[in-house]
Amino acid sequence: MTSFGIIGLGWIGRRVAVRLPGAVAVLVRPSQADMAASLVDRAAVCTSAAEFIARRPAVALECALAPVLAEIGPDLLTAGIDLVPLSLTALCDPVVEKRLLAAAAAGPGRLELAPGAVGSLDLLATAREEDLRRVVYRQLKPPAMWRLTPAAALARLDGIDRRMVILSGSVREVARRFPNNLNSSVGVALAGLGLDATELELVADPALSETAHELEIEAGAGKVMLSVGGREVAPDGDPADYTTSSLIRIVHRRRAPVKI
């Protein structure tokens, strides 16, 4: 059976720990050790990357922050631990991107992307085999939600009464300014045309009460428009979406006799 570890116990990490019991290693800050022990076996709690690596999980589910991924990601891969990173905005820094992808290429550990909030990256990756020409990822939120992000200082959010693009550019240009909000855009870029060629649009829509996602693909096999909604939450509430489930599915898929 595939063993797994969890890095970070924020909202997503806690949900994974509860819904997918049996982690052999859970990496947290020392101040979080007691909290972690209330969710998982205390013997699995680690407070340093070296301790986590020593537990030898087959795969690490990174649910922490971009600086954590940048710091320990290459070491995990070099140690032979496969890595499923969520804090993908770390790769907006070309130096971090180069180090992490080089470590994955050298192995023996490998990077595996979770579909996350977008729901599926399979179709996009398939389109790379069929003359993929253009990819546009849009993240949509009501204006009140954007005000809780760096968009508050980068775009005019007052008086928006219809759907409006408030910021656009390449994934690398835009997502690096939103280290905690646009990880899904980097996943889309890595699955498709890369961080510099994938277009990113941030959309404020007062008709929404949730975060939503749109993916537009143009390829030789045809055009695709994928739309994924979310559930209603308060602007500062728990943004539960498909991300948690995508991590759980990765572990289940590794263990399954029939892989889907």
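Okay, let's start with α11, which gives the second largest pocket the largest share of its lining, 6 residues. Before I go on, remember that this is a predicted model.

So what else is around that pocket? Helices α6 (122-127), α10 and α11 (242-255) each put at least two residues into the lining. The space inside comes to about 500 Å³. There are 20 lining residues, and the closest to the centre are L113, P115, L121, D122 and R249. By type, the lining splits into 10 nonpolar, 5 polar and 5 charged residues.

Is T198 buried or exposed? T198 is buried, because its relative accessibility is 1%, and the cut-off for buried is under 20%. A polar atom of the T198 side chain sits 2.7 Å from the backbone oxygen of G194. If you skip neighbours within four places in sequence, T198 is in contact with V135, G169, S170, V171, V188, A189 and L193.

Last stop, the sheet. Here we have an open sheet of 5 strands, paired in parallel, and the order is β3-β2-β1-β4-β5. Which strands stand at the edges? Those are β3 (45-46) and β5 (82-85), and each has a single partner strand, so one side of each has no neighbour in the sheet. For β3, look at its pairing with β2, residues 25-27: that one is parallel, over 2 bridges.

Note on methods. Residues numbered from 1 in each chain as written. Predicted model: local features only at pLDDT ≥ 70, side-chain atom pairs only at ≥ 80, totals over all residues. Heavy atoms only, no water. Buried < 20%, exposed > 50% of the residue type's maximum accessible area, 1.4 Å probe, protein only. Polar contact = N/O pair within 3.5 Å; in protein donor to acceptor, adjacent residues only side chain to side chain. Contact = heavy atoms within 4.5 Å. 1 Å grid on protein atoms, 1.4 Å probe; cavity = no way out; pocket = protein on both sides within 12 Å on 5 of 7 lines; lining within 4 Å. Points joined across faces, edges and corners; volume = space filled by probe spheres on them. Helix = DSSP H or I, 4+ residues; strand = E, 2+ residues; numbered from the N terminus. Nonpolar A, V, L, I, M, F, W, Y, C, P; charged D, E, K, R; others polar. Pairing = 2+ DSSP bridges.
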